[in-house]
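Student: I'm new to this structure, and I'd like a close look at one part of it. Could you take me through a single helix and the sheet it belongs with?

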Amino acid sequence: MTPVPVEEERPRALLAGASRRWVRALPWAVAFLLCVVLLPTTIVVLTADYGLNGGVASALAVAQAAPLLLAVVRPLQAWYVVFAADVAGALTLLGVDFEQRLLWPFPPMELVGYIALCLALGLRERRRTLILVWLATAGANVGLGFVAPHGAGAKELLLTILGGVALLLGGVLRERYEVQRRLAEQETISEAERGRRTLLEERARIARELHDVVAHHMSVITVQADTAEYRLAALSPDVREEFTSIAATARESLGEMRRLLGVLRNEEAHGELAPQPGLAQIGQLVEATARTGGPVEFTPCDAEVPEAVGLSAYRIVQEALANVVRHAPGAATRVSLSVSRPDDGQGGERLTLLVVNDPPPEPPAGPLEAGGTGHGLVGMRERVRLVGGTLDAGPLPDGGFRVAAQLPLTEEDPT
């Protein structure tokens with residue numbers, strides 16, 4: 001198996017994470033200014049004051065000043081070049097005769113550039129790297145002191161002292177920024193945990209209410225329907241079958257309720273792995289509705305549909321038939337499922353779902369449920385929207401009601 005090459009992470013410039021634009025541009029501006037100022041200054045000083053050859057002075061000036069631009073992105077690599085150039089410049093100056101008052105081994109221009117480079121190193125590199133850089137600087141400084149042309153003195157250690165201060169300052173600033181960043185991340189994580197805990201508490205409260213109220217009543221209905229033939233004498237076969245159907249429907253509803261409670265109470269939502277109803281179970285909904293006294297005509301569809309589409313179709317038919325039982329008891333109802341392709345040739349196959357009921361034979365004496373929530377149509381539209389379909393629901397001129405939905409069988413562009 002051929003290993004997949006891992007793309008190297010592109011280095012970021014110093015202060016690239018700052019929120020203000022001028023702060024992000026500051027390292028580039030400082031590096032450019034130092035390069036523009038130090039390059040000619042180094043050439044002039046090395047040639048005029050130290051008496052170095054112009055070509056050699058120009059080469060040393062470029063090697064010591066130009067890497068400062070690289071230091072904005074890769075300060076350690078820039079340090080390798082500048083450190084080597086500074087040491088080479090000190091050794092080169094041993095071959096010329098310059099006045100004792102002049103700084104050696106590192107002239108003032110080199111000190112300014114090296115201090116700026118050490119500050120960039122402190123802002124980027126780890127503490128161990130900074131210590132090694134300072135030890136290398138001190139070692140070179142002390143080693144060159146043994147070959148000093150005018151004798152060793154305290155001024156020869158300026159680079160070691162000032163470089164160490166710059167490294168320390170940069171390291172302190174970097175660690176302070178890291179601490180602030182980690183605190184901000186921890187606050188964000190804590191806020192997310194509080195939101196998650198609030199959500200879990202709300203889910204637990206809903207599950208508790210469902211269990212204490214709905215599940216309890218459904219269990220009572222199941223027990224009463226199952227024991228009716230033993231408690232009530234001389235039940236006819238039709239009545240006994242009706243109680244058996246009520247018990248089966250209640251048990252099925254109780255099972256779905258328990259799965260829902262499992263989802264609400266389980267943080268990992270393993271309850272969603274339970275088998276969900278689909279097109280094959282719509283016939284059972286139709287039979288249960290027909291047993292309430294209203295004739296139901298059903299046109300099934302045996303097509304293979306995605307699980308999400310099948311579940312949405314089942315819930316839409318379930319809600320539509322429940323509304324028929326609530327608001328139009330005894331009304332003739334037609335349920336139709338079919339797979340079709342749009343006439344305009346746009347889009348793939350769609351599952352067309354149609355639930356139409358006539359007006360009730362007699363006006364209902366009152367609502368089957370007191371204080372209806374009115375969330376049925378809202379839930380239908382949400383389920384249709386989740387699978388990218390369309391829904392048309394509304395009353396008919398003759399007093400009936402129509403629910404028509406089209407659910408795509410292939411994934412479409414959400415736009």
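**A helix and its sheet**

Tutor: Let's start just past the end of helix H11, where Gly388 takes a positive phi of about 75°. Keep in mind that this is a predicted model.

Now step back into the helix itself. H11 covers residues 376–386, and Gly376, Met380 and Val384 are buried in it. Why do these buried residues line one face? Looking down the axis of H11, you'd find them within an arc of 70°, so they share one face of the helix. The general idea is that an α-helix has 3.6 residues a turn, so residues three or four places apart point the same way. Over on the other side of H11, Arg385 and Leu386 are exposed.

What do the buried residues of H11 pack against? Their partners are helix H10 (307–327) and the strands S4 and S5.

S4 (residues 390–395) pairs with S5 in the antiparallel sense, over six bridges. If you want a spot to look at, find Gly394, which stands opposite Arg402 in S5. S4 and S5 make a hairpin with five residues between the strands, and there Gly399 takes a positive phi near 105°.

Next, follow S5 (residues 401–408) across to S3 (residues 350–357): the two run antiparallel and are joined by eight bridges. Here Leu353 stands opposite Ala405 in S5.

Leu353 also leads you onward, as it is the bridge partner of Leu337. That takes us to S2 (residues 333–340), which pairs with S3 over eight bridges, again in the antiparallel sense. H11, for its part, packs on the sheet by touching S4 and S5, and its direction makes about 160° with that of S4.

Put together, the sheet is an open one of five strands, ordered S1-S2-S3-S5-S4, with mixed pairing. At its edges are S1 (296–299) and S4, each of which pairs on one side only. From one strand to the next, the twist averages 5°.

H9 (residues 282–290) lies across S1 and S2, and it runs at about 170° to S1.

Key. Residues are numbered from 1 along each chain as its sequence is written. This is a predicted model: local features need pLDDT of at least 70, side-chain atom pairs count only at pLDDT 80 or more; totals for chains, interfaces and linings use all residues. Side-chain values use heavy atoms; hydrogens and water are left out. Two strands pair if DSSP finds at least two bridges between them. Helices (H or I, at least four residues) and strands (E, at least two) are DSSP runs, numbered from the N terminus. Buried means under 20% relative accessible area, exposed over 50%, partly exposed in between (1.4 Å probe, protein chains only). The arc is that of the directions from the helix axis to the C-beta atoms. Contact means heavy atoms within 4.5 Å. Axes are lines fitted to C-alpha atoms, for helices over the stretch in contact, and angles run from 0 to 180 degrees between N-to-C directions.
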